[in-house]
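Work through the exercises below with the model open. Each task is followed by its solution.

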Amino acid sequence: MATRVSLKFLGVRMIHSSPSRHNQTTGGNTSCLMLDDGQDIIFINAGFGINLAGDQMFGEFSKTKAPVNCTLLLSDFLWDSMLGLPFFTPIHFKSTSLKILTVASPAEAKAGLDDAASNLFSPFNGTDGFRSKISIEQTTSKRMIGKWTISALPIQHPLASYPIAVWRLSHPSGVDLGVVMLANNDNETLANVARFLSGAKTLICAASSSPNNDRWDQNRTSFQDALTLALASNSRELYLTQFHPEMDDLRLQQKLLGLQEALEQLGATSPEGLMKKTLAINLASEVEEIVLAKSASIKKTG
Amino acid sequence: MKRKPPCLLRFHGVRGSRPTHQIELLGFGGNTTCIEIDTGLDFILAIDGGSGLQHISQRLGNHPNHRKIHLLITHTHWDHVLFLPFLKQLHNPDCEIHIHAPDVGTQSFSELFNLLFKHGRLPVPRDRVKSKLVFHRVQPGVDFLIEGKIKVSSIQVNHQHITLGYKFGLPEASIAVITDAATMALGNILGQGMQERAALIGKKSLEAEYNNQLKQFLHGVDNLVFDTHFNAQNLKSDWGHATPEIALELCAKAKIKRLFMFHHAPEDSDRRVAMKQIYARNIALKHGIEVINAREEDEWPLASA
C-alpha cells in the first residue's frame, strides 16, 4: 500500500499573529507545521496555527471519541512557538496523549509551557492543569516516532539560555526533511546547520527578514540565508516560512522573485550551476496541503 | 465655522481567546481584542492590547503627531495583552505610553508586563523599551480622568481573576466596554474576591447584588460593547463568557439602545457570526435595541440615542 505523507503549514508567522486579508495566500498564524503519514501526526512548534488542527481534531473526536495521539517537536520556547498549545483543544481531553520532544531539558521545557499556560495570562493552571497525558523528552540522539526517524541539532542562540533545535526527519517513503524554525545567522551556525542537514531533500527554513530591518528580525535567518542553507545542504526544495508579520503576500512574492532571480544568476555563473538550478523555492502557505511522495518530490494539491 | 468631527469607535480586534487566521473568518477579522475611541484629542485612547493593537501600532508608526497613547487594560488574559511588547511606540523614546490596569491579586500590572519580556520567551529584552512608560493602577469603582478630560468609570465583572468593564463619558455620547463577562446564574462565580463575597452573603444574594450593580453601572449608556462569545446552544458559562441573549437582557434592563456584539469565538466563521446577529436582532426588535456585530477595521460615530 502506498504511503501518503502530507505536510501542512498551519502557521507561517514569527513574532505575533497577523490575521489579515493582505496575507490570504501565505497566512497569518504563528509558527506551526503538521506532518501526517496516515499513522502518526507530528507537529513542529505550537504557535497559534496548531489551533486549526485542534479545532478539526475536536470535531472528529466529538464524532468518533477516538483518542488523539500526537507528537510535538518544539524548536524553542519563545511565545510565538508555543502560545497556541494551551488553546489546543485536544490537550484538555483525558484520552489524549501528547509526546513533546525538545533539545532543552524537560525542566526547561516545562517551565516554558507553564509560562504559556500561566493562570496570570490564561484561564489555565499551567501544564499540570491539562487533562491529557503529556510526556516531555529531551532528544539527544536519533529516535523513532512510528516510521519517522527524528534527529535534532541543538544550537545556542542569543535569544535564549536553553538550546534551540534544528530538526531532521526522515521516513521510509523517501521523505528527508530539514526544519530550521529559528537559527542565528552567523557563518559558524549556518555552516554547522548545513552539515547537519546535508542531503536533506526538502528544507523548511525561517526567512524572517522584516520590511524595514527592525529589531525583531535580528539573530534570525533571512531569505538569503535560507537560500544559502538550501544550497549548502544540497536540498532540492526549499520552503520559506517564519515570515515577519508585516511582510504581506505582495512583499513576500517580491522577495521570492528576488531569490529565484538570484538562484538563476548563480546557476548561470557557477560551475555547479545546473545542479543549483534544480532547487525549487516556495513560500510556505497555510492554504495548501503538500503531499510528500516516496520520491520526496513534492506535489501541491489545491 | 468648522464642525468638530464626532467621536469615533474603531474596532481593531474583535476575537476572543486567541488570534486566528482563516479565510472563512477574515470578514469579521481574526485579531484579538483592541478597541480605539477616537476623541479627536491629541492622544490615542485604546482598550486592551490584543493582536488588534497592531493596527494602531502600524498606523501611527513614527508619526510626530501621535506621541501619547493611553491604553486601558480590562484583564491580563493573553487575548488582551499579547501584542503589548510589540507596540512600536513602546520602543520609541519620543513616545509616552500610559497603561491603566488593575492589580492581579498581589501583583501590579507592571510586574506582569515585565513577565511578557522574559528572556527566552520574547526576542527583545525589557530594557529596550525606550518610551516614557507610566503605569496607572485602576481600582474598580473608582473613577479617574484621562488627561483631565475624559472621565472613566470601572466595574469588576464576572470573569477569571480581576476583569474590568469601563465606561467613558464623552461630550457626544457615553460608551461602555465589557469584553468578557459571564452570568452568575447557576452559581457560576469566577472573579477575584467574588467567592469570598459569596461565602459571606450567599450565592443568590451575590448574584442579585452583581446584577444590580452592573445594571446601575450601565444604566442609560448610549453604546455598549459586550461579550457575546457563545450562543445559547454552546454556552459554557464557567469559561467566563456571555451570549447575545444575556447581552440583550442587560441592555433592556439598563435601557441601552445600541449593542455591539464582541469577543467572537475564534472558531466561528463569518457565516456563524452573521447568523448570531440575525438571531439577536430578532430578539432586540421588541426592545428597540440596535444590534451590530463588531467587525475589525469598522468605525462608528458615537452619538447619544
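**Exercise 1.** State how α4(A) and α5(A) are oriented to each other, and why.

Solution. α4(A) and α5(A) are oblique to each other, because oblique covers the angles left after under 35 degrees (roughly parallel), over 145 (roughly antiparallel) and 65 to 115 (roughly perpendicular). The axes of α4 (residues 187–196) and α5 (residues 223–232), both of chain A, cross at roughly 40 degrees and come within 9 Å. Axes are lines fitted to C-alpha atoms, for helices over the stretch in contact, with angles from 0 to 180 degrees between N-to-C directions. Helices are DSSP runs (H or I, at least four residues), numbered from the N terminus.

This is a predicted model: local features need pLDDT of at least 70, side-chain atom pairs count only at pLDDT 80 or more, and totals for chains, interfaces and linings use all residues. Residues are numbered from 1 along each chain as its sequence is written, and chains are lettered from A and ligands numbered from 1 in the order in which they are written.

**Exercise 2.** Which residues of α4(A) and α5(A) meet?

Solution. From α4(A) come A:L190, A:V193 and A:A194; from α5(A), A:D225, A:T228, A:L229 and A:A232. Contact requires C-beta atoms, placed from the backbone, within 7 Å. The residues of this contact divide into 5 nonpolar, 1 polar and 1 charged; Ala, Val, Leu, Ile, Met, Phe, Trp, Tyr, Cys and Pro count as nonpolar, Asp, Glu, Lys and Arg as charged, and the others, Gly among them, as polar.

**Exercise 3.** How many residues of chain A are in contact with chain B?

Solution. 33 residues of chain A are in contact with 34 residues of chain B. Helix α1 (residues 50–64) of chain A gives the largest share of the chain A side, 3 residues. By class, that side has 16 nonpolar, 12 polar and 5 charged residues.

Key
Helices (H or I, at least four residues) and strands (E, at least two) are DSSP runs, numbered from the N terminus. Two residues are in contact if their C-beta atoms, placed from the backbone, lie within 7 Å.
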